[in-house]
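Okay, thanks for coming, everyone. Let me put the structure up, and then I'll walk you through a few parts of it.

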Amino acid sequence: MDTEQKLAVLGAAAKYDICASTSIKSGRPTGRDTIGSHAPAGICHSYTPDGRCVSLLKVLMTNSCRNDCQYCVNRVSNDFERSSFEPEELARLFIELYRRNYLEGIFLSSAVQKSADHTMGKMIQTAEILRHRFKYRGYIHLKALPHTSPHLIERGAQLADRMSVNLESPTPDRLKLIASEKNFMLDLIAPIDAIQKQVQKGLLKAGQTTQFVVGAAGETDLELLKTTNWLYQKKGLKRAYFSAYIPPDLTTRASKSANQPPYHRAPLWREHRLYQADWLMRFYEFRLEDLVLQQDSNLSLDLDPKMVAALKNREQFPVEINTAPYKTLLRIPGVGPTAAKRIWRVRREHRLTDLNELKNIGVVVKRAKPFILLNGRKQGEISSIVPTKQLELFPFVVS
Ligand code: SF4
């Protein structure tokens with residue numbers, strides 16, 4: 001297989017790994033003999049915070065795996081085309097594409113070939129060639145494989161801007177159902193701890209992230225968000241990604257001949273709701289328990305988590321738009337940070353009395369109306385909001 005064919009196979013295989021745009025200052029010295037800007041970095045066809053579209057080479061070192069995780073297309077029992085890059089080959093390929101201005105960074109992940117350390121060693125070697133031989137100073141995101149040794153994490157952290165470990169499932173029991181060879185604490189949390197140490201030392205300026213496969217193990221949203229919250233608070237996680245499970249037979253011809261995993265495709269809107277809840281916890285300081293309707297359950301099917309939080313705390317509403325503190329404004333469904341700041345500015349000049357004015361400011365009036373007072377006047381009734389249904393998970397079957 002030539003390099004181009006490998007890129008087609010291993011690039012396609014990397015589509016299940018999620019990474020995202022980020023803008024960082026690595027502090028890595030640049031000069032006339034170096035190439036690559038460290039400021040703009042991100043996901044393929046995503047956007048930097050300043051709105052610029054950026055692209056990464058997202059690729060696997062190899063799709064040959066010794067493990068047999070049931071949800072994964074690369075599992076050893078799957079009968080399909082395998083391929084691997086050598087570090088030199090991949091580094092050259094990337095740098096050629098970079099010089100032609102096709103790319104602005106690399107996201108390198110992999111299956112586990114002979115062992116985690118063997119494959120991780122190759123990934124690190126690729127990054128070393130880029131940094132030292134080609135003097136590339138741009139963005140590198142290295143995926144740490146399950147059970148990677150701490151000394152390799154340390155080496156990776158000296159080269160990469162971001163590292164990540166895919167947690168896949170929120171609890172040890174859930175993980176066992178889909179990846180019986182992986183030990184939640186030893187194989188996944190231990191590398192996360194090792195990466196955290198490197199972040200604390202000032203390396204990996206873009207921090208560490210993780211990814212969950214949503215729906216593969218029958219987990220609830222509450223379980224996913226509890227673990228996510230724990231990772232933010234205790235492990236210094238920068239961001240969690242949620243990837244709705246797609247059975248391999250929907251994505252590749254390969255699985256048609258392989259043992260079919262017994263799990264069903266997860267709906268994309270479930271992924272969307274998890275991102276909404278995650279965002280509210282990180283940037284709006286919402287508590288997890290406010291975002292779900294019942295304990296041990298899932299996010300609402302038909303109402304977004306902010307609306308759920310408002311309904312659960314209905315005694316705090318309606319709030320007067322003309323006097324509410326900024327943080328209270330943010331709690332109103334239909335009012336985001338931009339609209340809240342504009343309200344704050346405008347009301348210093350005059351009192352807000354008209355829904356149209358709120359609309360022009362950027363408030364989603366239809367959502368906000370039941371929760372606000374405008375100059376003392378109610379604008380709607382909370383009781384008019386229809387109670388929500390629970391998200392019904394697709395059937396989960398263990399073989
Ligand atoms: S170790 Fe990773 S690549 Fe290998 S089967 Fe499991 S999830 Fe897939």
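Predicted model: local features only at pLDDT ≥ 70, side-chain atom pairs only at ≥ 80, totals over all residues.

**Helices, sheets and a ligand**

Let's start with a pair of helices: helix 4 passes helix 6 in a right-handed crossing. Numbering goes from 1 along each chain as its sequence is written. Helices (H or I, at least four residues) and strands (E, at least two) are DSSP runs, numbered from the N terminus.

Back to the pair. Helix 4 covers residues 150-159 and helix 6 covers residues 184-200; their axes come within 9 Å and cross at roughly 40 degrees. Axes are lines fitted to C-alpha atoms, for helices over the stretch in contact, and angles run from 0 to 180 degrees between N-to-C directions. Helix 4 and helix 6 are therefore oblique to each other; under 35 degrees counts as roughly parallel, over 145 as roughly antiparallel, 65 to 115 as roughly perpendicular, and the rest as oblique.

Who touches whom? On helix 4 you have Pro 150, Ile 153, Glu 154 and Ala 157, and on helix 6 Pro 191, Ala 194, Ile 195 and Gln 198. Contact is C-beta atoms, placed from the backbone, within 7 Å. Those residues split into six nonpolar, one polar and one charged. Nonpolar is Ala, Val, Leu, Ile, Met, Phe, Trp, Tyr, Cys and Pro; charged is Asp, Glu, Lys and Arg; the others, Gly among them, are polar.

There's another pair, helix 7 (residues 221-234) and helix 8 (residues 268-283), with axes that come within 11 Å and cross at roughly 35 degrees. Helix 7 passes helix 8 in a right-handed crossing too. From helix 7, the contact includes Leu 224, Leu 225 and Tyr 232, and from helix 8 it includes Leu 274 and Met 281. By class, this contact has six nonpolar, two polar and three charged residues.

Six strands make an open sheet in the order 5-6-7-8-9-10, with parallel pairing; to pair, two strands need at least two DSSP bridges between them. Strand 5 (57-60) and strand 10 (239-244) are at the edges with a single partner strand each, so one side of each has no neighbour in the sheet. On average, neighbouring strands of this sheet are turned by 20 degrees against each other, direction ignored. Helix 3 (residues 116-133) packs on the sheet, touching strand 6 and strand 7 (139-143), and its direction makes about 170 degrees with that of strand 7. Strand 5 is joined to strand 6 (residues 105-109) by four bridges, and Val 59 has Leu 108 as its bridge partner there.

An open sheet of three strands runs 11-12-13, with mixed pairing.

Last stop, the ligand. Which residues are around the ligand? They are Cys 65, Asn 67, Cys 69, Cys 72, Asn 74, Arg 75, Ala 111, Val 112 and Ala 179, where near is a C-beta atom, placed from the backbone, within 6 Å. That shell has six nonpolar, two polar and one charged residues.

Notes: Contact = placed C-beta atoms within 7 Å. Left-handed = near helix turned anticlockwise from the far one by under 90°.
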